[in-house]
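Please examine the sequence and the three-dimensional structure shown below. The explanation after them leads from the overall fold to particular features.

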Amino acid sequence: MRMSLALTGLAAVAVNASCKGRSAATATGSSSAASTGTSSGSLSYGNGTLASGAAAHDAAPSSVSSSSAAAAATSASSSSVKTSSKAATSAANSGIKGFNYGAFFLNQQALTQTDFEAEFNRAQNLPGTSGWNSARLYTMIEWGTANSVIPAIPAAIATQTTLLLGLWISGGDAAITNELAALESAIATYGTAFTDLVVGISVGSEDLYRDANNEVGTTATYLMDCISKVRSAIADTALSAVPVGHVDTYDSFLNSTNTAVIDAIDWIGFDGYPYWETALPNSIDDANERFYSGYNKTMALANGKPVYVTETGWPTTGDDQNLAVASAENARKYWQTIACSLVDSNINIWWYNLQESQYGTATPDFGVYGAGDLSQLDPLYDLSC
């Protein structure tokens, strides 16, 4: 699993130091976070995208498959929730389709507005499919700066790409302070051209999981304080009705000390990677069972709140992980099984990933595209359903 996130200063150093050496069996991916400034349950380089996912913690199979996804989405949308804000109302799954986008390339070079526009334009014009016009970000901050606005924001405006914003909160109080400064700056600078594109805000990503594993994360109490700060920051802005959520592993929410977080958010983000679930049968033929087992467990603990799929994918290259084999053929099968079923069920999804290998080689590589100029490349596998 891979995600993308740009950290700065002490937070980046702390994450880099704590995330090395994690195995796929205990995390959800290989760890190669040194000097990346990325973070999540398990990290690895990836076109500015860093790795993470909840599925590797899924230890019990379920009888539920993709055929139940539509019913689950309907149940989440219709159930009552404790949050009675406009944001909760607007949080329902609505069939958003997009990709995860990081803040830097494999060589630590920050993505520019031009880079983001190229990626967003490619995603909006994929052969064999359409409608992939949303971007999940992991930070509001431009890579290598204290709190300058990430250039993905003007790129999204230029390409009319919707945004699931991410605010990084682990590593010390400066993290949320700088993220909010960048968010407030983006609102002031770009106005409704920016805010009209925002479909949600994620406060942190897998912070509870990392904290429980003695990595750089946060406690539930601190996470809820950050959620409160975000809600206060957007209360009198055009983002006041935007749903606020958190992405973490489902087993983190099973911990009684963390369940209060669910009441504080409008939606839950699920990261699922059967490829990394080495403690269970995880061949491509098992992928549907592995993925929906984790997703449905998350649904069960969500108290009726919608569950978005914030990360999932299958690598085209990389080492075998138990029964999981990285190949373009298997990535195609995974897309057809998981992406297509989620799209059919109108569940919000941000795929991992559009392109991982750029200015370096990602191992494993979850990218739909290989290295090179996205405008000149063909996808590595068929994206039709």
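Predicted model: local features only at pLDDT ≥ 70, side-chain atom pairs only at ≥ 80, totals over all residues.

Residues are numbered from 1 along each chain as its sequence is written, and side-chain values use heavy atoms, with hydrogens and water left out.

The protein contains 13 helices and eight strands; helices (H or I, at least four residues) and strands (E, at least two) are DSSP runs numbered from the N terminus. Of its 385 residues, 61% are buried, where buried means under 20% relative accessible area, exposed over 50%, and partly exposed in between (1.4 Å probe, protein chains only). A contact means heavy atoms within 4.5 Å. Among contacts between residues at least 6 apart in sequence, 75% join residues at least 24 apart.

In soluble globular proteins, nonpolar side chains tend to be buried together. A nonpolar core is here a set of buried Ala, Val, Leu, Ile, Met, Phe, Trp, Tyr and Cys residues joined through side-chain atoms within 4.5 Å. The largest such core has 90 residues, and Leu-165, Leu-183, Phe-194 and Trp-351 have the most contacts inside it. Helix 9 (residues 220-234) contributes the largest share of this core, eight residues. Another core lies apart from it and has seven residues, including Ile-96, Leu-164, Val-247 and Trp-350. Leaving aside neighbours within four places in sequence, the contacts of Leu-165 include Leu-137, Ile-153, Leu-183 and Phe-194.

Ile-153 also belongs to the buried residues of helix 5, together with Ala-152, Pro-154, Ala-155, Ala-156 and Thr-159. Because six of the eight residues of helix 5 (residues 152-159) are buried, this helix is largely enclosed by the rest of the structure. The elements that cover its buried residues include helix 4 (113-124), strand 3, helix 6 (173-190) and helix 7 (192-195). Just after helix 5, Gln-160 takes a positive phi of about 55 degrees.

A search of the whole structure finds one disulfide, defined as a pair of cysteine sulfur atoms within 2.5 Å. The sulfur atoms of Cys-340 and Cys-385 lie 2.0 Å apart in this disulfide. The pair links distant parts of the chain, 45 residues apart: Cys-340 is in helix 13 (residues 328-344), and Cys-385 is in the segment after strand 8 (349-351). The torsion about their S-S bond is about -90 degrees, so the disulfide is left-handed. Cys-340 is buried, with a relative accessible area of 5%, whereas Cys-385 is exposed, at 62%.

Grid points are joined across faces, edges and corners, and a volume is the space filled by probe spheres set on the points. The largest pocket has about 210 Å³ of space. Its lining has 14 residues, of which Asp-115, Ala-118, Glu-119, Asp-373 and Leu-374 are the closest to its centre. The largest cavity has a volume of about 40 Å³. Strand 4 gives the most to the lining of this cavity, with three residues.

Technical notes
1 Å grid on protein atoms, 1.4 Å probe; cavity = no way out; pocket = protein on both sides within 12 Å on 5 of 7 lines; lining within 4 Å.
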